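I opened my notebook today to look up a few things in a structure.

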Amino acid sequence: MSSEIVSLATVGILLLLLFTGMPLAFATGMTAVILTLWLFGPETLYFIPSRIFTLMNNYALISVPLFVMMGCILEKAGVVERLFYALHIWSGRLRGGLAVGCLLAATVLAAMVGVIGAEIVVLGMVCLPTMLARGYNKQMSVGVICAGGSLGTMLPPSIVLIVYGLVSQTSIGTLFVAAVLPGFLLVGLYLAYVLIRCYLNPSMGPLAPPEELEMPIMEKIALGRVLILPVALILMVLGSLYSGIATPTETAAIGVLGSLIVAGVNRKLSLDTIWDSLKRTGSTVAMLTWIFFGASALVSVYTLAGGTAFLQDLITGLPIPPLATIALMMLILMILGCFIDWIGIVLLTMPIFVPVIKALGFDPIWFGILFCMNMQISYLAPPFAPAAFYLKAVAPPDVSLGDIFKGVAPFIGLQIIALTLVMFFPQIAMWLPSFMR
């Protein structure tokens, strides 16, 4: 059977199953079973579970449920409320100061949690009502929360980076280091956009009320105590990884311990908190695991049929410059991100794209950062746009999905600008990792 026919059949079967409403995990798994029966016969079905066991035996995969649990505990630890209050007091003399405080709080939260859904829900519950009550522009407010909450895709400990590292067989620690400057580039673009819009149109982000502006300086300094726990947790988690003291899995365990300490200090630690965090971790990881199963089975069967080699030869044989090939991959990922969850994309595409990247002479660490920036766009881009639906679930009734989609549009543009900058100037991502080599 020719690789062209196998490739067309694979795409056709998968799309047909997805259009019936079947979840991605089961659609990919079913496609793998159909291809195996068609190409190799029923006696080779044992190949599918054997490949799944090979993937799931990866020790570093344990870090995923641990980081998810860390995020679930921190969501209930009362960190964001205090952090947002302090940051918006400090930025009160700026037009758009509340939005600036929300973005800074989102940045700190992303560096602690790395679970996008939890970040957006917490920010939507804490920051959005305050901004709307102060007369902030509705669309800018929801855009700030969705864009800020999606920073967890980029900033360590990002689960997207962990899964990419596992699939591409690259260093997770190096990926974490490489993501720092691109992540701060995004934060800088977001802050610049908010400040420029609010100074050009002051009604979009009014100044803080007089009682906050006139708060004594010592009281404002005292608010800095809320930064102690978040910064300590970030240093404990990322410091142990970057220094080489702990592996990613051990770092995740340290993060869970640290999140319990933070919740305890804030008097938010209880059996209900732990039990609810365990339940949410279990449901999230179960969903991720089934997608792992299905995508791994499909990629394995497709590779065995020669499809992966066919696509790699097809891409490398295109009569375009290498950087144009990268741009084409980014466009493909961007389109897929509008319809498929990121974990399905990484498991289905990276076994094809990463060997091509290496053959073209590019660094897979740099490409991993581009991939994660691309997936951040997918969190905001309709129709899939999970960030919009996370926020809609906790937003006031007068905030519609249309408002959210209009609000995130400028931030999608900023994400594309940042992606383009990192693509044309790889040192933005690779400068910090160069000190590790």
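I sorted the lining of the largest pocket by class and got 22 nonpolar, five polar and no charged residues. Nonpolar here takes in Ala, Val, Leu, Ile, Met, Phe, Trp, Tyr, Cys and Pro; Asp, Glu, Lys and Arg are charged, and the others, Gly among them, are polar.

This is a predicted model, where local features need pLDDT of at least 70, side-chain atom pairs count only at pLDDT 80 or more, and totals for chains, interfaces and linings use all residues. Residues are numbered from 1 along each chain as its sequence is written, and side-chain values use heavy atoms, with hydrogens and water left out.

Next I asked which element gives the largest share of the lining of the largest pocket. I found that α1 does, with eight residues. (Helices are DSSP runs of H or I with at least four residues, numbered from the N terminus.)

Then I turned to helix α17, residues 322-337. I listed its buried residues (under 20% relative accessible area, 1.4 Å probe, protein chains only): Thr325, Ile326, Met329, Met330, Leu333 and Gly337. They sit on the same side of α17 because they cover an arc of only 145 degrees around the axis, taken from the directions from the helix axis to the C-beta atoms. Among the helices covering them are α16, α18, α19 and α21.

My last stop was glutamine 415, in helix α21. Is it buried or exposed? I noted it as buried, because its relative accessibility is 1%. Leaving out residues up to four places away in sequence, glutamine 415 touches Ser150, Leu186, Tyr190, Gln376, Ile377 and Leu380 (contact means heavy atoms within 4.5 Å).

Terms used
Helices (H or I, at least four residues) and strands (E, at least two) are DSSP runs, numbered from the N terminus. The expected span of a helix is 1.5 Å times one less than its number of residues. Buried means under 20% relative accessible area, exposed over 50%, partly exposed in between (1.4 Å probe, protein chains only).
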